Structures are given as C-alpha cells and as structure tokens.
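This report covers a strand and its neighbours, the nonpolar cores, and a surface patch. Please keep the model open while reading.

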Amino acid sequence: QTPCGTEIVFDHVSFGYGTTEVLHDISLQFPARSVTALVGPSGSGKSTITRLAARFWDVNRGAVRLGGVDVRDMKSDEVLSRISVVFQDVYLFHDTVEGNIRMGKPDATQEEIIAAAKAAACHDFIMALPDGYQTMVGEGGSTLSGGEKQRISIARAMLKNAPIVILDEATAYTDPENEAIIQESVARLVRGKTLIVIAHRLSTIVDADQIVVVNDGCIEATGTQAELLQACPLYETLWNAHIASRDSAEGGAGCA
C-alpha cells in the first residue's frame, strides 16, 4: 500500500516502555500541510508521540496511519523517507561536515549540499572552519557549538526535503543571536510541509493551525491559541507561566 498524502492519524494509540504505559488511548489527527504544536508539562508524552509518528517504535494498541496506511505495513525506511526530524539534542556523527549534511540525501551533489547549508545559515561558519566542508566533526559534534550543530541538522533536513517535518523546538537551548537565525532557517524548511512541533516556548506557536495539550499521556485539549486560553485551564496556566518567565528574563536583561 502506498500512502495517499501526508496526513498522520493516531487511532486509539496506547504505548509503553516495558511495563510502564506512557500514552493512554490517544486519538489525534495531524492534517496534511498544516502546523500542529504539541505542548504540555515535561514528561507528558510529547516526544513519544513524535517518535511513534516517525515509527521509531511501534504502538502497543491502536494504530498510527500515514496517508491512510498503517505505518506497521510500511518499511521503516519508507516511513522515514517521508519525514525529516530535527531534535532539540542534535547528534552529529564522527564524519566531515559535508558527510553529516549529506545523510539527508546520500546522492546529493556538492552544489546541493552548499545550497542547503546556505539556506540553513551555516555556510559562512563552515567556510571559517579549518578544512571547510571537509572539517571532521568530533563524536556527537563535540567540536561545534550547540547552535552550529543545530543549523547543520537543519541543513541536513533541508537537503532531504521530506514532505513531513517533526521539530523538537530547535531553539530551546540557543542564545538569542542564534535563535533568530535558526528560526529563519526553520521557517524556510517547513514552508508548505506537514509540520509537527514540540513547543517549549509557547510564543513561537501562537499561530499554529492547532495546538494539542498533552498531559500525563492523554490529550487534555485541542484547539487554537484563542480557543485553548478560553477552554483549557492547563494551557492557560502554561501560557501565564511562559509570559511570566519571558517578562522576568527581559526585565533582568533590562537591569544589566
């Protein structure tokens, strides 16, 4: 069976690690070419949802369908060919910078790799490295800063150009200067795609087509920013905490 389109549907999904169930009977729809943000307390199950969507694991009960096809009826590489994943904690391999970007598309030309690096705003810092694109990256990317690793992972995803993008808030640990650069890169990466984003900074997802509030392995509520502020006390609490922490950070910066 060949998937028709890029809609992802969770149909009464339950999943656990070992004997501990972490998702409980979740039903959820990620419409094609739309932006869905997952929010909720730490440990609520957001990352597990994204990993099941990419078929890193299989569900215990229920089904995950991609374009109408149960992902268990597809080969793993068939699922992953349709999905680009940019994680918060980027892992780079002990290879050249070029080799790390090329993993997005093994048969890419040098021109395609450079174009992806430019789109992800990392061409300039790569050219400043001792051997440019041929510079060896330490195990786990230890020779690069967090922001640089993040941009290389975005370049890899841009080169792959998959129709579905899963984004574990790429700017969570970056400094303000890099954050603006990365957000611009991400905006280019996700244009016209089906996007699932785990949001740590709620102000980055206020315009999402739908926001899904995850709490303790269950779906607490789904809606737009305005709808959730009216109808979901947990979302209102998360939003108020976000605004308070942002205000205090800005206030602290102002006093410096």
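The model is predicted.

## Surface patch

F56 lies in the loop that runs between α1 (46-53) and β4 (61-66). With a relative accessible area of 35%, F56 counts as partly exposed, because that class spans the values between buried, under 20%, and exposed, over 50%.

Together with Y17 and W57, F56 makes up a nonpolar patch on the surface. The accessible area of the three residues together is about 280 Å².

Strand β8 covers residues 194-198, and five of its five residues are buried. T194, I196 and I198 point one way from the strand, while L195 and V197 point the other way. In a regular strand, side chains alternate between the two faces of the sheet.

Two strands pair with β8. Strand β3 (residues 35-39) is parallel to β8 and is joined to it by four bridges; here L38 is opposite I198. Strand β7 (residues 164-168) also runs parallel to β8, with five bridges between them, and I166 is opposite I196.

## Nonpolar cores

The largest nonpolar core contains 46 residues, and I101, I205 and Y235 have the most contacts inside it. Helix α6 (residues 146-160) is the main contributor to this core, giving six residues. Beyond its neighbours within four places in sequence, I205 contacts A37, V39, V197, A199, I211 and Y235.

Key. Residues numbered from 1 in each chain as written. Predicted model: local features only at pLDDT ≥ 70, side-chain atom pairs only at ≥ 80, totals over all residues. Heavy atoms only, no water. Patch = residues over 30% accessible without salt bridge, like charges linked within 9 Å, V, L, I, M, F, W, Y side chains within 5 Å. Areas by Shrake-Rupley, 256 points an atom, 1.4 Å probe, with all protein chains shown as cover. Salt bridge = Lys/Arg side-chain N within 4 Å of Asp/Glu carboxyl O. Buried < 20%, exposed > 50% of the residue type's maximum accessible area, 1.4 Å probe, protein only. Core = buried A, V, L, I, M, F, W, Y, C linked by side-chain atoms within 4.5 Å. Contact = heavy atoms within 4.5 Å. Pairing = 2+ DSSP bridges.
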